[in-house]
Amino acid sequence: MNGKPQQYEPINAAFPHLLHGGDYNPDQWIKTPEIWDEDMRLMKLAGCNAMSVGIFSWSSLEPEEGRFEFNWLDTIMDKLAAQGAKAILATPSGARPAWMSRAYPEVLRVEADRHRNLHGLRHNHCYTSPVYREKTERINRLLADRYKDHPSLLVWHISNEFGGECHCDLCQDAFRNWLRSRYGHDIEALNLAWWTGFWSHRFNGFDQIESPAPHGENAVHGHNLDWKRFVTFQTTEFMKNEMKPLRELTPNVPITTNLMGTYTGLDYWKMAPELDLVSWDNYPSWHCGGMKTWELAADISFVHDLTRSLKGGKPFMLMESTPSIVNWQPVNKLKRPGMHRLSSLQAVAHGSDTVQYFQWRKSRGASEKLHGAVVDHVGHEHTRVFRDVAEVGEDLRKLAPIGGSTVRPDVALIYDWENRWAIDDAQALRNGPGQKGYEQACKAHYRAFWKLGVPVDVINEDCDFAGYKLVVAPMLYMLRPGVAERLTAFVEAGGTLVTGYFSGYVDESDLCFLGGVPGPLRKVTGIWAEEIDSLHDNDENGIRFAADNDLKLAGTYKAHTYCELIHAETARIAATYASDFYAGRPAVTVNAYGTGEAWYVAARSEFAFLRDFYAALTGKMRLLRALDADLPEGVTAVLRTNGKDRFVFLMNFSEARQAVRMPGEAEEMLSGKRMQGEVALEPYDVKVLHYRQEDCRQEDCRQKD
Ligand code: GAL
């Protein structure tokens with residue numbers, strides 16, 4: 001367990017409930033305050049107890065520079081308090097009033113092509129601008145001072161979906177200063193890290209450096225990487241500046257900002273430590289074809305697990321999801337009956353202590369007027385969507401005992417932002433947007449665990465590997481200093497590592513390791529990867545298992561996209577390629593190292609390979625599962641536990657009726673019934689089995705110690 005807690009405090013100790021609510025924009029209805037009263041009535045009916053207020057309210061809070069109007073917000077905060085509800089109070093920096101852009105053009109963002117944007121839209125400020133920082137600090141201070149003792153104030157919601165980058169002169173200077181500090185004011189250190197001897201790109205001084213640009217420099221990988229690191233740094237600094245007055249005036253109110261899953265523009269591992277809790281906005285395209293429902297569900301589970309792992313297992317917040325449809329997908333298909341509940345409780349299963357929506361009430365005008373909302377333009381509660389939401393409200397009330405619990409998996413899967421940036425930038429393998437497929441590869445490995453109901457943490461290279469039994473690291477192309485050494489120590493001490501093709505190529509500056517791929521992982525994996533073959537869509541190879549392999553796997557699985565040509569040095573060969581000029585050469589190897597072992601999967605494979613490979617490893621290693629039961633296709637089991645009670649979410653992400661034979665006996669929390677034997681799951685059904693400690697005597701419910 002590694003000293004990590006099994007049970008956390010509620011999000012805010014003063015309010016021990018699972019939260020339910022959403023983005024609430026009463027300032028859009030300032031001229032019709034009777035709507036506010038109706039909102040309160042409807043919130044109660046829907047079982048909503050926490051509303052995100054003020055996200056884009058700057059022009060209502062400060063209609064003219066220096067003239068503040070808080071009366072409307074006072075009224076809303078009081079109304080929420082009057083019915084025992086809470087506010088997730090936002091700072092308004094996600095969008096700004098027109099007067100500010102006019103008076104201080106430096107707050108407007110400059111794009112990579114060096115054009116300054118006009119006023120409009122949102123999420124488009126310069127995060128370096130001293131004026132914007134001063135203005136956000138001021139309004140945040142006023143908000144904190146005004147509401148610091150208000151009974152509604154529950155959580156701070158900083159800005160909204162931080163993202164994008166600014167290339168203005170202020171940012172250029174800040175970038176150069178960041179580089180000076182990274183390279184100890186030594187331009188030769190930078191020249192070496194960026195390999196600027198290439199195409200005569202050598203710099204004489206930091207003042208010659210600019211951010212990457214479509215019409216300027218964009219081919220120096222170390223430069224691109226450092227720029228992305230800087231964007232994360234500067235955004236985090238901006239966020240910290242917003243947080244300063246809140247920390248000062250409301251030290252006990254937790255702070256979050258809504259993240260966007262695997263959004264590539266920011267390394268969330270750098271932001272998370274600054275936050276008290278993490279939250280994310282989840283908009284899956286259910287029923288949109290192309291993918292089976294369970295495959296998409298597993299991809300979403302991956303992001304929930306990633307979000308939970310960002311704070312070491314602490315419960316997170318589902319900050320936004322749609323109660324019905326969004327309005328920005330190519331085809332905005334309605335959620336089929338049951339899907340709203342299933343999708344909402346899926347977040348809870350993976351560690352969310354909230355189900356929040358965008359949006360509470362449909363706005364009357366502008367681009368989101370036809371986006372789904374709890375309250376439709378019709379204005380009353382007699383809608384399918386409202387009923388769905390109210391049902392989730394009722395479910396969350398029943399699931400209250402789950403709040404604060406978590407899971408401590410045996411398995412960690414590395415998904416690393418910097419590694420992704422480096423992979424996406426590499427001119428190699430298959431080129432073109434999305435062609436490298438790093439995220440897809442991670443999700444493919446993850447799906448195998450999802451099918452087995454094996455809990456997984458999704459971590460990055462810097463996380464502690466101790467405490468896990470199995471670390472899975474697909475396409476670990478970039479190894480920052482110490483990572484290979486820590487993985488080697490992990491295996492030496494008895495851990496199992498699974499890695500494979502396109503790993504161990506470059507260091508943290510994107511400079512290739514000399515001495516053979518996978519660089520510093522060569523010893524622990526016991527292989528040398530001499531070449532890598534990229535396959536066309538209609539090419540394939542096979543992974544053929546040897547008769548006496550450790551996992552007792554048999555037959556041939558399809559290999560596609562990438563086949564690495566490796567030499568087993570100290571590793572044993574478990575499978576070989578089936579065809580082409582490298583037929584018979586190793587495709588899967590395992591290397592005994594210390595008291596552990598390292599697997600190397602040299603090719604991208606069909607899912608059946610990953611499914612069978614990880615099923616065999618799970619059995620062999622006796623990895624923690626949510627439930628010791630056979631799970632039919634489309635069904636998963638997800639575990640939360642406080643160390644005593646085990647809460648097992650059985651979820652059917654298929655269009656067919658399914659059944660699972662559960663071990664032992666438990667209470668099903670949504671129906672309140674005791675259950676044993678075969679559990680029937682209707683399409684999109686969810687059951688939450690509560691195994692109390694006394695129900696867990698049998699071997700089937702053993703706790704991991
Ligand atoms: C989110 C955003 C919300 C809303 C929503 C629509 O990304 O934070 O403000 O625009 O999308 O789906």
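How many bridges pair strand 23 with strand 24, and in which sense do the two strands run? Before I answer, a word on the model: this is a predicted model, in which local features need pLDDT of at least 70 and side-chain atom pairs count only at pLDDT 80 or more, while totals for chains, interfaces and linings use all residues. Residues are numbered from 1 along each chain as its sequence is written, and side-chain values use heavy atoms, with hydrogens and water left out.

To the opening question, then: strand 23, residues 658-668, and strand 24 pair in the antiparallel sense over nine bridges, where helices (H or I, at least four residues) and strands (E, at least two) are DSSP runs numbered from the N terminus, and where two strands pair if DSSP finds at least two bridges between them. One of the residues involved is Ala659, whose bridge partner in strand 24 is Ala680. Both strands belong to an open sheet of five strands with antiparallel pairing, in the order 21-22-25-23-24. Its edge strands are strand 21 (635-641) and strand 24 (673-681), each of which pairs on one side only, and the twist from one strand to the next averages 20 degrees.

Helix 11, residues 339-349, lies across strand 21, strand 22 (646-652) and strand 25 (686-691) of that sheet, and runs at about 145 degrees to strand 22. For such angles, axes are lines fitted to C-alpha atoms, for helices over the stretch in contact, and angles run from 0 to 180 degrees between N-to-C directions; contact itself means heavy atoms within 4.5 Å.

The axis of helix 11 also comes within 9 Å of that of helix 12 (residues 384-398), and the two cross at roughly 35 degrees. On the helix 11 side, the contact is made by His340, Arg341, Ser344, Leu345 and Val348, and on the helix 12 side by Asp388, Val389, Glu391, Val392, Asp395 and Leu396. These residues divide into five nonpolar, two polar and four charged, counting Ala, Val, Leu, Ile, Met, Phe, Trp, Tyr, Cys and Pro as nonpolar, Asp, Glu, Lys and Arg as charged, and the others, Gly among them, as polar.

Strand 9 runs parallel to strand 1, residues 19-24, and four bridges join them; His20 stands opposite Val355 of strand 9.

Now the domains, whose bounds come from an automatic or database domain assignment. That assignment gives domain 1 (19-167 + 237-402), domain 2 (411-621) and domain 3 (635-701). The centres of domain 1 and domain 2, taken over C-alpha atoms, are separated by 38 Å, and their contact takes 23 residues from domain 1 and 20 residues from domain 2. Between them they bury about 1900 Å², 63% of it on carbon and sulfur atoms, buried area being the accessible area (1.4 Å probe) that two parts lose on being put together, summed over both. Trp269, Trp294 and Phe302 of domain 1 lose the most area to domain 2, together 35% of what that side buries.

Lastly, some backbone geometry. A cis peptide bond with omega of about 10 degrees joins Phe358 and Gln359, and Gln359 is found in the loop between strand 9 and helix 12.
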